[in-house]
Each structure stands twice: as structure tokens, then as C-alpha cells.
Amino acid sequence: MEALAIKRGTDPVSDLCAALYFMGEPKGMMMGGGTWAGQPEPKVYLYHCYLAFMDYHNLGKPLSVEKFSRTVRQAAKEYRAVYLTRKINGRTQTNVNLNEQADEFLPHAWGGDVPDADPPA
């Protein structure tokens, strides 16, 4: 645990992983990309979540999508988890979802309240 705390202090991706949980199957957040039309969706896309995390903590230039994905795979091992993905219609789905620690930085991605991932019926 002490080594993980040190790693979190020096590696933003490892620190972000504390706000994530890893499921047994890749049925979680989509990976997303660095460019999008309209508003970023950090509750839907893992990469958008990473960008919001980097911005909130003012951590400088983010990794590319590909390098971020490789780094998450390594960081997951630090949490004794496995990072899994699958392709759906040419898009990548992960086995990652947000936990309550994400509430620290996600509201700031919009400058206010976090919208629901699913609109009310």
C-alpha cells in the first residue's frame, strides 16, 4: 500500500485508477478518443475521464489514447486488477467504471453538477 501511495503521487494514471473499479468483463466505459463533437462525456468515455482528471489537477499534457490505454493496463496491476477491452462495432469497451472518488473531479469537468450518464425517462 505504501508503494502504491508513492506511485499515485508520481503517476497520474495510477492516481486516476483510485477513482475507478475494474469489473470481470469488458462491459463498462467506452475508451473514447481525444477529439469529439460537442461536450466531452467523462462518465461514458474513459479517455474523457482521464482528460478531466488531468485538467482538474492541472497536470499538463495528457497521454495519447493509445499510450493511456497501455498505461492503464500497467496501473491496473498495481491495484491487483486486470484491464480488459473488447471491440463493439469498431469501438473499444473497457471493464472500467467510476467509483465515488471520481466525484472529486468530475463536477469540475462541467463547471457544476455532474449530469447523469442516462437521461431520465
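**Close-up views of a predicted model**

**View 1. Asparagine 89 lies in the hairpin of β2 and β3 and takes a positive phi near 50°.** This hairpin has 2 residues between the strands. Strand β2 covers residues 85-88 and strand β3 residues 91-94, and the two pair in the antiparallel sense over 4 bridges. Two strands pair if DSSP finds at least two bridges between them. Helices (H or I, at least four residues) and strands (E, at least two) are DSSP runs, numbered from the N terminus.

The model is predicted, so local features need pLDDT of at least 70 and side-chain atom pairs count only at pLDDT 80 or more, whereas totals for chains, interfaces and linings use all residues. Residues are numbered from 1 along each chain as its sequence is written, and side-chain values use heavy atoms, with hydrogens and water left out.

**View 2. Glutamate 25 and lysine 27 form a salt bridge.** The closest N and O atoms of glutamate 25 and lysine 27 are 3.5 Å apart. A salt bridge is a side-chain nitrogen of Lys or Arg within 4 Å of a carboxyl oxygen of Asp or Glu. The structure holds 1 salt bridge. Side chains of opposite charge can pair when their charged atoms come close. Glutamate 25 counts as partly exposed because its relative accessibility is 47%. Buried means under 20% relative accessible area, exposed over 50%, and partly exposed in between (1.4 Å probe, protein chains only).

**View 3. Serine 69 is found in helix α4.** Helix α4 spans residues 65-78. Serine 69 counts as buried because its relative accessibility is 17%. Not counting residues up to four places away in sequence, serine 69 touches Met31 and Tyr83; contact means heavy atoms within 4.5 Å.

View 4. A search of the whole structure finds 0 disulfides. Cysteine 17 is in no disulfide, and the nearest cysteine sulfur to it is that of cysteine 49. A disulfide is a pair of cysteine sulfur atoms within 2.5 Å. Cysteine 17 counts as buried because its relative accessibility is 1%, and cysteine 49 counts as buried at 0% relative accessibility.
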